[in-house]
Amino acid sequence: MNAQDIIVPQADLGAAYRAQKEEIDAAVARVLSSGWYILGQEGAAFEAEYAAWLSAGGEAPAMQAVGCANGTDAIALILRGLGIGPGCAVATVSHTAVATVAAIEMVGATPVLIDIDPRTFCMDMAELKAVLAAPPPGLPPIRAVIPVHIYGHPCDLDAILETCRGAGVAVIEDCAQAHGARLNGRMIGTIGDAAAFSLYPTKNLGALGDAGITATPDAQLAKRMGAIRQYGWHTRYISDEPGVNTRLDEVQAAILRVRLTVLDANNARRQAIAAAYDEALANGPCAAPYRAPGTEHVFHQYVLRVPERDAVMARLRAQGVATAIHYPVPVHEQGAYAGRIAMGPAGCAETSRAATEVMSLPVFPEMTDGQLEKVCAALRGL
């Protein structure tokens with residue numbers, strides 16, 4: 001089957017734009033007519049609206065949000081705001097977008113990679129405890145842990161926080177794939193010391209270009225990040241401390257304000273698609289994705305573990321269903337990092353195994369009922 005014969009794509013960004021075309025076009029026109037394109041009213045409004053959305057309901061504290069150029073910069077901005085750089089180590093996972101590790105090195109800190117739980121693909125708590133208790137030889141002091149809420153499934157933040165608080169280590173949530181996910185009723189991104197969100201077009205909340213945002217309940221940290229993102233300016237043109245240039249532009253901020261209004265509904269649609277897939281997979285050879293107790297998964301991706309992955313992907317493609325492999329090579333095995341990044345005692349063995357078995361089914365809010373049934377029929381035939 002050729003590419004043009006695919007009936008159900010793995011994602012459809014054009015459909016996402018068309019679903020809100022009138023509102024998005026009006027928002028862009030508003031910015032273009034304003035004559036103000038960087039750090040203006042749209043960016044400030046989006047920051048306030050996003051912080052309010054995070055803070056609404058549950059047990060979330062009052063949050064403050066700081067926009068930036070992309071999700072990688074969001075992680076780096078938090079690390080800089082916390083004073084974490086050269087002479088510091090930061091623990092995270094290898095089963096993630098390389099951006100998580102790249103951000104650590106951007107600020108001059110040293111990454112150390114923790115293996116994953118084979119069910120959730122999130123950070124393995126037993127190994128994190130072991131590494132914090134006995135870091136690899138020659139590693140600088142571990143100052144922060146970055147758990148990644150991978151695919152939209154929350155990490156075990158309660159256990160991570162308990163472990164890190166006892167060790168005096170900051171917890172920075174990587175929420176790039178988890179906008180709207182919850183843990184025991186609490187919004188992901190409001191539980192750690194700070195959180196980084198990518199707003200890349202494919203994300204649950206996506207711009208029409210690169211964008212990112214940080215969130216924290218710490219007003220002083222938010223103020224410092226707001227200065228660092230623009231050359232360390234607290235007063236215009238005066239750098240009170242070293243900074244960078246990582247600003248969220250007004251066009252993307254205006255688009256994101258529009259898209260934020262449908263985020264909850266879009267997440268609900270993703271969850272409905274996932275429930276249909278669960279039912280289609282019941283009693284078949286492929287198990288539905290695991291959800292840990294107390295978690296609300298928002299299915300940035302619907303990911304299966306399939307030992308015979310290539311054959312299954314080929315059968316689905318023959319029926320017009322596109323699939324994808326996210327993170328086919330773990331960070332610690334990629335040429336830029338292999339052999340030089342510290343790892344926990346397991347050597348990221350579960351991470352390496354997962355990379356050979358994971359595959360993502362189509363999940364996007366604009367999927368039609370017909371497309372959904374097409375995928376479900378193909379799944380029932382596996």
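Predicted model: local features only at pLDDT ≥ 70, side-chain atom pairs only at ≥ 80, totals over all residues.
1. Helix α4 passes α8 in a right-handed crossing. The axes of α4 and α8 (residues 219-228) come within 9 Å, and the angle at which they cross is roughly 115°. On the α4 side, the contact is made by Leu 77, Ile 78, Arg 80 and Gly 81. Helix α8 brings Leu 221, Arg 224, Met 225 and Ile 228 to the contact. Sorted by class, the contact of α4 with α8 holds 5 nonpolar residues, 1 polar and 2 charged.

2. Strand β4 covers residues 142-145 and strand β5 covers residues 170-174; the two pair in the parallel sense over 2 bridges. Here Ala 144 stands opposite Ala 170 in β5.

3. Next, please turn to another open sheet, made of 3 strands in the order β7-β6-β12, where the pairing is antiparallel. The edge positions go to β7 (186-187) and β12 (295-296); each has a single partner strand, so one side of each is left without a neighbour in the sheet. Strand β6 (residues 182-183) is joined to β12 by 2 bridges, and these strands run antiparallel. A residue pair to find by eye is Arg 182, which stands opposite Glu 296 in β12.

4. Helix α3 (residues 41-55) packs against helix α9 (residues 250-260) at an angle of about 35°, and their axes are 8 Å apart. Here α3 passes α9 in a left-handed crossing. From α3 the contact takes Gln 41, Glu 42, Gly 43, Ala 45, Phe 46, Glu 49, Tyr 50 and Trp 53. From α9 come Glu 250, Ala 253, Ala 254, Leu 256, Arg 257 and Leu 260. The residues of this contact of α3 with α9 divide into 8 nonpolar, 2 polar and 4 charged.

5. Now for open space at the protein. The largest pocket holds about 670 Å³. It is lined by 47 residues, and the closest to its centre are Tyr 200, Pro 201, Thr 202, Lys 203 and His 300. Several elements each supply at least two residues of this lining: α1 (13-19), α4 (71-81), α5 (99-106), β8 (194-198) and α10 (263-281).

6. How many cavities of 30 Å³ or more does a search of the whole structure find? The search finds 1. About 80 Å³ of space lies in this largest cavity. Its lining has 13 residues, and those nearest its centre are Phe 121, Tyr 151, Pro 289, Tyr 290 and His 297. The cavity lining splits into 8 nonpolar residues, 4 polar and 1 charged.

Terms used. Residues numbered from 1 in each chain as written. Heavy atoms only, no water. 1 Å grid on protein atoms, 1.4 Å probe; cavity = no way out; pocket = protein on both sides within 12 Å on 5 of 7 lines; lining within 4 Å. Points joined across faces, edges and corners; volume = space filled by probe spheres on them. Nonpolar A, V, L, I, M, F, W, Y, C, P; charged D, E, K, R; others polar. Helix = DSSP H or I, 4+ residues; strand = E, 2+ residues; numbered from the N terminus. Pairing = 2+ DSSP bridges. Axes fitted to C-alpha atoms, helices over the stretch in contact; angles between N-to-C directions. Left-handed = near helix turned anticlockwise from the far one by under 90°. Contact = heavy atoms within 4.5 Å.
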